[in-house]
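Dear colleague,

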Amino acid sequence: MASLTAQPRFLRSITLDRAAKFTSPDYFHDINLHSRLYSRRATNAVELEFYSVPDLKRIPFDKAVKQTFAPASLGMSFGPSWSTHWFKLKIKIPDDWAGQQVELHWDSNSEAMIWSTDGIPRQGLTGDKGNDRRTEYPLVKSAKGGETLHLYVEMACNGMFGTGKNGVINPPEDNRTFQLAKAEIVVPNKPAWELYYDMQVILGMANELANDTARAQEALYTCNQVVDSYDRSHGDSAIQKCLAITKEFLSKKGAPEGHRVTAVGNCHIDTAWLWPYAETRRKTARSWSTQLRLIEEYPEYVFVCSQAQQLEWLAQDYPKLFEEVKQASKKGRFQVIGSTWVEMDCNLPSGEGLCRQFLYGQRFYEKNFGSRSSIFWLPDTFGYSAQLPQIARLAGARYFFTQKLSWNNINKFPNTTFNWVGLDGTKILTHMAPCESYNAQADVGDMVRSIKNNRDLAFSNQSLMPYGNGDGGGGPQRAMLERIRRMKDVDGLPRCEMGGVESFFEDVEQHANGLQEWKGELYFELHRGTYTSQAAIKRYNRKLEFLLREVEIASTFCLGVGRDHQYPKADLDLLWKDLLLNQFHDVLPGSSIELANIDVRAIYRDVEKKGQQLLNNCLDALYQTSAADGETEGHVVFNSLGWTRSEIIEVPVLKKVGMGQYSDEKNTGYARVEASAFQYQDISHDTSNKDTVKGSSNGLEIILENSWVKATFDLHGRLVSLYDLNEMRELIPEGQTGNKMKLYEDIPLYWDAWDVEIYHMNTGRNAGLGKARLNEVGPLRASITVEHPLTETSSAVQTIVLTAASPRLDFHMTADWHESRTLLKVEFMWDINSDFATYDSQFGVIQRPTTYNTSHDYAKFEVCGHKFADLSEHGYGVALLNDCKFGYSTHGNTMRLSLLRSPKAPDLNCDMGHHEFSFAVLPHKGTFHESSVVRESYQFNVPLSIRPVSGKALKALRPASLFEIEGAKNVILDTVKRAEDSDHIIVRLHEAYGGRAMFKLKSGLNILCIERCNILEDSDAEVAFNAEEQASEWLVMSAFEILTLKLKVK
């Protein structure tokens, strides 16, 4: 009788669990494969001494090694949070380890860095648990036996993700300690590691491939075979038996025309986030020195890094390491990409801010690495401006990579590999990694997702997989590289090869067919709270962008008219770099810890102080005045905008000069100014213009009225009527109001500082009723003061202003804000019907729906706008302007502007305290495209510069015009600066409304020639200039085009 020989059928769930525990460091690790990974271990081979740096300082190597070190031992704890401790290591390799490969294992449950004795960073270390863990450092490939080695370790008392309490994004703990848990040397068992990596791939295939495929079943069977065949009593021979099984499985090749994945090593380092800038400077050294070691070990490995700022820090702090990076770059192994100064936020910086990101980034790459980057690399930011394709292409970038839209929480973005089309029609080839991470672990799951989530397989048969631990740095680990080697060409998976980003895009460009196109902004359906969080940071950015613009224009004016004043190029470069640094995508959006934000605000104050001093110096040189000239006898006003503006301005009172109206304090007064484009002139205090404004009260209402509008407020400061006197039109619907303060519950699902969620719209309630009183009554300026008791703990004061020069109604506001997860908005309801609102964006505008018809409509319940949002119907519209806010919500005929948030993580004190900001209402005849809203929004953000001058300077004043645009009101001359590498003048213009423009550029300067150029100031075609007319030839711009001109001036 025949016996039964078949074994019981293996069950999928049991086999998967069994195979996972076979390689687990947590289960049965004393007898499973994990127990065989090291053949020798010496726990007493490392002698330790330490020095604790006082006062949370981070000191350089040369200073650290000169300190007095004390004995240290395992089990000691070090702290507090953010402190630094240096260790001196004396390592004695046992005599009988001759010929063995030896590693140091160090675990301080924190970040650390190994230094050679000659002061070169060798590798970063990350303790504790998790995917980021990296505790091994190769000491020698083949030990002599008995030798003694010396190293230093710099221990940082923070984890990879800072020191957050009980969670990644929670506010940091100030007094955390970190225990030195391990300092030993080991000998790796290479065959055991080979089997370990093999099993990671095979078990991954058993888990991730569809269960009904033959290859998934084969992988499951192989896992079962391996565990069955592992007889721990036979030691290494059992491992060899198992390796024969795994190698047979992995030897089966995939289809030659299968999907191809390019695996690119990267290390996303947030320039600040859950740690301050100072820690990032060390993270770069830890991460990149680690990658240099892997480059030495794996000849096929290619690593890419971005962010010129971080590379500049490396050059400043670790010059020897920077030279290593440059040498690896020359060999194509350490590739610098990205094009920009930092991986910036793309919602909040101005158009010129985005241009400078590329300008400074590309110039750094070209100077230090010999070429510009063709890659715009931005894996992690919270939305993408519709002008980025044009700006990137004008800055030499041909390709764009990101993946953040995979985080959308309402609609899935429909494309993977496509052409992104900007506002003006510029296209840039774009790829969004279908593995949906820039921190891919290079495992089977990432490979499967690279096909499963790829929405453009019909057009392109390849994907990019950016792998490596990131956010806090670290980068790829040895295990990732080993998995990629095994997945290079194996049946059941896409083919996977290590490569560079540029070669990937070039291959896509050559072989892809019929790629889809996406026109306009890439709106991110998450993190909408970042338009509002950290109000002070956003205010600084807006104000300082305009301040540096003002400095550049005034300095260029001095250059053009021959003043004895040197253009402050070096100073401006430093200020711009600081401003660009703070545009990083966790800084400007307001999603960093308090410690980082303190540093950020200090940088802003420094930029403000130095920038204002530069401006004062420039204007004094331009007006040829100084303090030594004697008593102030007048004021000169400087208009840095490209059109004439009529305004009422506040100026200090002078003894011999009468004022049309005095302020309450009598030390300042108001004057009417007609300021020509790009010109300076004295304030003449002209009284010939008869337009006036009047403020009045009847006990029930307060009325501000001028030649254009009549604004009526109730005694709580709410706008109950706004009547256009010329159009005879009421703008407030009957029974409704404007300037209504509304409070909303602001409790997101997880990302506290990042998110306002759609359901917050259901929770609005009125803030405490204000108390209004008439303040100024005219004739040049009328104003109302409103005291708002917003809540029991927060209050605000508004000054509402109407002048004699404009229909614009201004609301200047101070607030003392002390709330918890509450959002403050101001609300206006208009008697206007439109399905779309128009929002200011970088060098253009975006139209977005005011309806909730589709999921794509209501996903935009909170959107980003820069200087204004406009709601217009045929014949009429109203714009809501602001001077430092970005979060808008327009639904139907209701416009809301988000003013203040109060999240509690990662900055526990986010937005607590005093705030100043302004917004304004601008009614206008005609639709938005027929209005002057763009110009008015500039005027609201760029006040006229007023400078006191002596009588001598006033008499010698000869006003001159720098530039003027003739023929096209839709062209904005935004930027005037000196060229980067010459005394030529750079002028940057853009078409602002979305239509064709034909114009001449006029100038009082002695212009010799004009050339078109790109953002990087590379010359292109010449533009004819008529010296007699002092004007260029007629120039034509298309909708939303950005035009940069280079002027040679005598």
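How many residues lie between strand 36 and strand 37 in the hairpin that they form? There are six residues between them, where strands (E, at least two residues) and helices (H or I, at least four) are DSSP runs numbered from the N terminus.

Before the rest, please note that this is a predicted model, in which local features need pLDDT of at least 70 and side-chain atom pairs count only at pLDDT 80 or more, while totals for chains, interfaces and linings use all residues. Residues are numbered from 1 along each chain as its sequence is written, and side-chain values use heavy atoms, with hydrogens and water left out.

Strand 36 (residues 781-788) and strand 37 (residues 795-803) are antiparallel and share eight bridges, pairing being assigned if DSSP finds at least two bridges between two strands; His 788 has Ala 796 in strand 37 as its bridge partner. Strand 37 is also joined by eight bridges to the antiparallel strand 38 (residues 809-817), with Val 797 opposite Thr 814, and these two strands form a hairpin with five residues between them.

Elsewhere, six strands make an open sheet with antiparallel pairing in the order 3-2-5-10-7-8, and its edge strands, each pairing on one side only, are strand 3 (70-72) and strand 8 (121-126). Within that sheet, strand 7 (residues 111-115) pairs with strand 10 (residues 148-156) over five antiparallel bridges, and Ile 114 stands opposite Val 153 in strand 10.

With kind regards
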